Amino acid sequence: MPCASPSDGPGRIYGVAMFSRSRTIRSAGLAALTLAGLLTACSGGGGGGGSTTPPAGPPPVVISEADASRLSKQATFGPIQPLIDHIIALQTASAWVDEQLGASGSSYAALATRAVPTNYCSIMAQSAQGVCNRDYLSSTPVAMAFYAHATTGADQLRQRVAFSLSQLVVASDFEVHSTAGLAVFNQIFIDNAFGNYRDILKSVTLNPYMGDFLDMADSSKNAPNENYARELMQLFSIGLVQLNADGTAQKDATGATIPTFTGDDVHSVARALTGWTYARLNGAPITDNINRDYSRPMVLNPAIYDTTAKSFLGTTVAAGATQDASINAVVDAVFNASSTAPYVSKFLIQQLVTSNPSAAYVGRISAVFANDGSGVRGNLRAVVRAILLDAEARGDVRTGASDGKVKEPVLLSLAIGRLIGDATDGYAFTTRDQAMSQQPFRAPSVFNFYPPDYPLPLSNGLLSPPTKLLTSATAISRHNLVYDWTVTGDASSRPEYTVQASIIGATGTQPNWSSWEAFGSDVDGMITRIDLLMLNKTMTAAQRAALKTAMLAITNADPTAQARKRAQVALYIVGTSPQFQIDR
C-alpha cells in the first residue's frame, strides 16, 4: 500500500480523516468490520367519479441529479457526467431505462471465430505456445472485450444485466479452456439480457462449453452424469428450498424448510439429458475428442440416449420420447416451478440494487417474472425495468441498515476507469483483477466468486455477497488499484496501459483527464462533480472542506497539470473511502 504523499507541494493527503476508512487494514476481520459499520450505521390519484375517461395520473417524477447518479451505479458500470446529463435531459428514470432496453452493440461474435482443436497450440513451437494458449484457449480475450465494452459501450444496461446473469448461470475458464466457447456462452446473456429466461435455460443446456464444464456432454444412458442436472436446479433456477413469492422460505408443520428437489429428481433429469455431444470441427466424427467445436450447440447422439420413461418435479416424460421432447420437459419443469420467479428475481435485485431487498420488493419483482402483465412468464425486459423503477431502487439515497451493497472488484475497477475517461482494449483491467479475486468468466467453481446468501459479519443477519471477496490482501489490492490509476494515472507512468504487441488488435489504454483539467483552478466545481458522480451528492461540509484542503496542497507551475493532479488526488481519496466503495 503506498504511503508517501503524492502531493507536488507540502502536506500529506493519504489519510484524509473525514472519509471513514482505515489507513492500515490489519486483517480480513477488520476490513469486514469497517464495511459492516458503514452498512449498518451510516445515515446518511383520485377516483374517476363514474367518468368514462379516467383522470390523468400524477405527472412522472422528474429525476434528480443524485438519483440519476444512483441509477447509473445500479444500471451501468459507473456514473460519468455525460451520462448524468443525458438522464436529466430525459427527465425520468423510466425514459432512460426504456431507452437502454432498446440499446445493443456489445458482442463477442468476433471471438466466436476462434474455435480450434484442443491440441491447436500444443503442436506449435514451444516459444509460440504461451501466446497461442492466451489467444485461443483462455478467457483473456473475452475478459478484455468485456472490459472494453463496459468502459465505453452505449448499451450499459444490457451489459450490466448480462454480467449479472453470468454470475447466476456460471461456466468458467477455470476448468474449460476455449476462447470461442466462452465467447459463445456469454453471448447468450448479451442476446437474452432483455429476452426470456426460459430461452437462457434452453440455450445454456445445449451449450457445449457448459456441456463440458458440468459434464452433460456425452452423458450416457449407461451412466448418466448428474452434475448439470443438479446445478440446473440448485443454482440456475429453483434453488435448494421452496420459496414463497416474496423470496422467503416455505416451511412445513415442524418449521423445517422444504426442499425443492430430491435425489430421484436429479437422477431422472440426468437421464432425460443424456444423448448429447459436441459438434465437431473439420468434419470430424463424433468420436474425435480433439476436434470438439465449442462454438456451436451440442448435437444428438441417439446411441447414448435413455429412451425409458422419466419422472421429475411433477413432470413425466413418456418412454420413447424424443431427445428434444425430453430437454424441453426439463427446461419447462424448472422454468415454471414456483420458486424460480423469486429465486431469479432476488438474485438480480442483489446484483443491481441492494444485497438485502425487502420481501415486499422481491415479491413485486417476482410477480412481474411470473406474469409481465401480458401473460408472459420470464420476461427479463419487464423484470429489469421493474427492478430499477421500484420505489426501493429510486430516490436520492437510502441510508437504512439494510440498504446498499459493496462494490465487487469488477465494478470498482470499471467505475474508476470510467471516471478517468479511459479508452481501452481491456488489457489493463485484466492485469489487476486477479489480485482482487474476481477475474470475469474465470470463477473458481459453478458457485461463482461469492454466494448470494453470504452473511455480513457482525450484522445480525444482513447479507453482503461481495464481502466474501474482501480480505486484508484484496482490500490492499483494491486500494492500490485506485491509487495507481489516479495519483500515478498518467498514460506514460502505467506499464499496463501500453499496447501489447503480441495481442491481436491491441490498442492499449489511454486515460483522458481533459474533463477534469477543464476545471482549471475551480476546486469547488471539481469537488461538486466528484460528490455527484461518486457519492450521490452526500458529501458533508466537513468532508468537502477536508478534500479541498488536500487538493489545494497540490501546486504546479503548469495550470493544466495542476488541475489534473488535484483531480487525481481527489479521486484517490474518495475512491478509497467506504462511502464510494459501498453503493447506496
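A: The second largest pocket has a volume of about 410 Å³ in this model, which is predicted. Its lining consists of 24 residues. Those nearest the centre of the pocket are Ile80, Gln81, Pro82, Leu83 and Arg418.

Two or more residues each are given by helix H3 (81–90), helix H4 (93–101), helix H6 (140–152), helix H17 (409–420), helix H20 (514–517) and helix H21 (523–535). The largest share, four residues, comes from H3. Sorted by class, the lining of the second largest pocket holds nine nonpolar, 11 polar and four charged residues.

In general, two packed helices are described by the angle between their axes and the distance between the axes. The axes of H4 and helix H7 (residues 156–166) come within 7 Å and cross at roughly 75°. Angles of 65 to 115 degrees count as roughly perpendicular, and H4 is therefore roughly perpendicular to H7. On the side of H4, the contact involves Val97, Gln100 and Leu101; on the side of H7, the residues are Gln156, Leu157 and Arg158. By class, the residues of this contact are three nonpolar, two polar and one charged.

The largest pocket may be set beside the one described above. About 590 Å³ of space lies in the largest pocket. Its lining comprises 25 residues, and the closest to its centre are Gln234, Gly239, Tyr343, Pro452 and Asp453. Helix H14 (residues 340–352) supplies the largest share of this lining, five residues. The lining of the largest pocket divides into 17 nonpolar, six polar and two charged residues, whereas that of the second largest pocket has nine nonpolar, 11 polar and four charged.

Helix H11 (residues 227–234) and helix H12 (residues 263–272) have axes that come within 8 Å and cross at roughly 120°. H11 and H12 are therefore oblique to each other, and their crossing is right-handed. Ala229, Arg230 and Met233 of H11 make the contact with Asp265, Val266, Val269 and Ala270 of H12. The residues of this contact comprise five nonpolar, no polar and two charged.

Note on methods
Residues numbered from 1 in each chain as written. Predicted model: local features only at pLDDT ≥ 70, side-chain atom pairs only at ≥ 80, totals over all residues. Heavy atoms only, no water. Axes fitted to C-alpha atoms, helices over the stretch in contact; angles between N-to-C directions. Parallel < 35°, antiparallel > 145°, perpendicular 65-115°, else oblique. Left-handed = near helix turned anticlockwise from the far one by under 90°. Contact = heavy atoms within 4.5 Å. Nonpolar A, V, L, I, M, F, W, Y, C, P; charged D, E, K, R; others polar. 1 Å grid on protein atoms, 1.4 Å probe; cavity = no way out; pocket = protein on both sides within 12 Å on 5 of 7 lines; lining within 4 Å. Points joined across faces, edges and corners; volume = space filled by probe spheres on them.
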